[in-house]
Amino acid sequence: MKCPHCHALCSQGDSVCYSCRTPLPTSGGGSTRVPIPARVSMIVMVISYCVANALIPEDYPSKSTNGFNLGRAACLGAVGCVAGPIGYGLGLLFDRRRRPQDKTTLPV
Ligand SMILES: [Zn+2]
């Protein structure tokens with residue numbers, strides 16, 4: 001790949017151009033960290049599952065308590081489906097790696 005600033009030839013794994021010392025754009029191979037909104041979403045889903053599992057009664061949709069209660073499992077899944085996007089939205093609030101603001105100045 002080429003450096004976008006000085007057009008020097010750089011290798012694929014380089015994070016900094018060795019000619020002009022500017023950071024190179026990473027094409028997904030650099031960082032393997034999970035983004036913060038995805039992490040917060042996962043944490044909120046797990047917590048909501050635990051809370052829902054404690055609060056929803058054992059015989060919630062159907063009164064039979066023997067065997068696998070499919071309706072209750074579906075309710076737990078629905079709680080996770082609601083809590084996941086909420087957690088993602090919360091994670092977006094905590095994301096510190098925001099794009100720098102576009103500083104457009106008006107010509108005087
Ligand atoms: Zn360069």
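This is a dialogue on how to read some features of a predicted model.

Biologist: What should I know about the numbering and the model before I start?

Modeller: Residues are numbered from 1 along each chain, as its sequence is written. The model is predicted, with local features needing pLDDT of at least 70 and side-chain atom pairs counting only at pLDDT 80 or more, while totals for chains, interfaces and linings use all residues.

Biologist: How many helices and strands are in the protein chain?

Modeller: Helices (H or I, at least four residues) and strands (E, at least two) are DSSP runs, numbered from the N terminus. The protein chain has two helices and zero strands.

Biologist: How many residues does α1 have, and what does it span?

Modeller: The expected span of a helix is 1.5 Å times one less than its number of residues. α1 has 20 residues, and from its first C-alpha to its last it reaches 28 Å, close to the expected 28 Å.

Biologist: How are two packed helices described?

Modeller: By the angle between their axes and the distance between the axes. Axes are lines fitted to C-alpha atoms, for helices over the stretch in contact, and angles run from 0 to 180 degrees between N-to-C directions. Here α1 (residues 36–55) and α2 (residues 70–94) have axes that come within 7 Å and cross at roughly 145°.

Biologist: Which residues of α1 are buried?

Modeller: A residue is buried if 20 or more other C-beta atoms lie within 10 Å of its own, exposed if 12 or fewer, and partly exposed in between, with C-beta atoms placed from the backbone. In α1 the buried residues are Val-40, Ser-41, Val-44 and Met-45. They lie on the same side of α1, because they cover an arc of only 140° around the axis; the arc is that of the directions from the helix axis to the C-beta atoms. An α-helix has 3.6 residues a turn, so residues three or four places apart point the same way.

Biologist: What do the buried residues of α1 pack against, and what is on the other side?

Modeller: They pack against α2. On the other side of α1, Ile-47, Cys-50, Asn-53 and Ala-54 are exposed. Of the 108 residues of the protein chain, 8% count as buried.

Biologist: What is the phi of His-7, and is His-7 buried or exposed?

Modeller: His-7 is not a glycine, yet its phi is positive, about 60°. His-7 is found in the segment before α1, and counts as exposed because it has 11 C-beta neighbours inside 10 Å.

Notes
Two residues are in contact if their C-beta atoms, placed from the backbone, lie within 7 Å.
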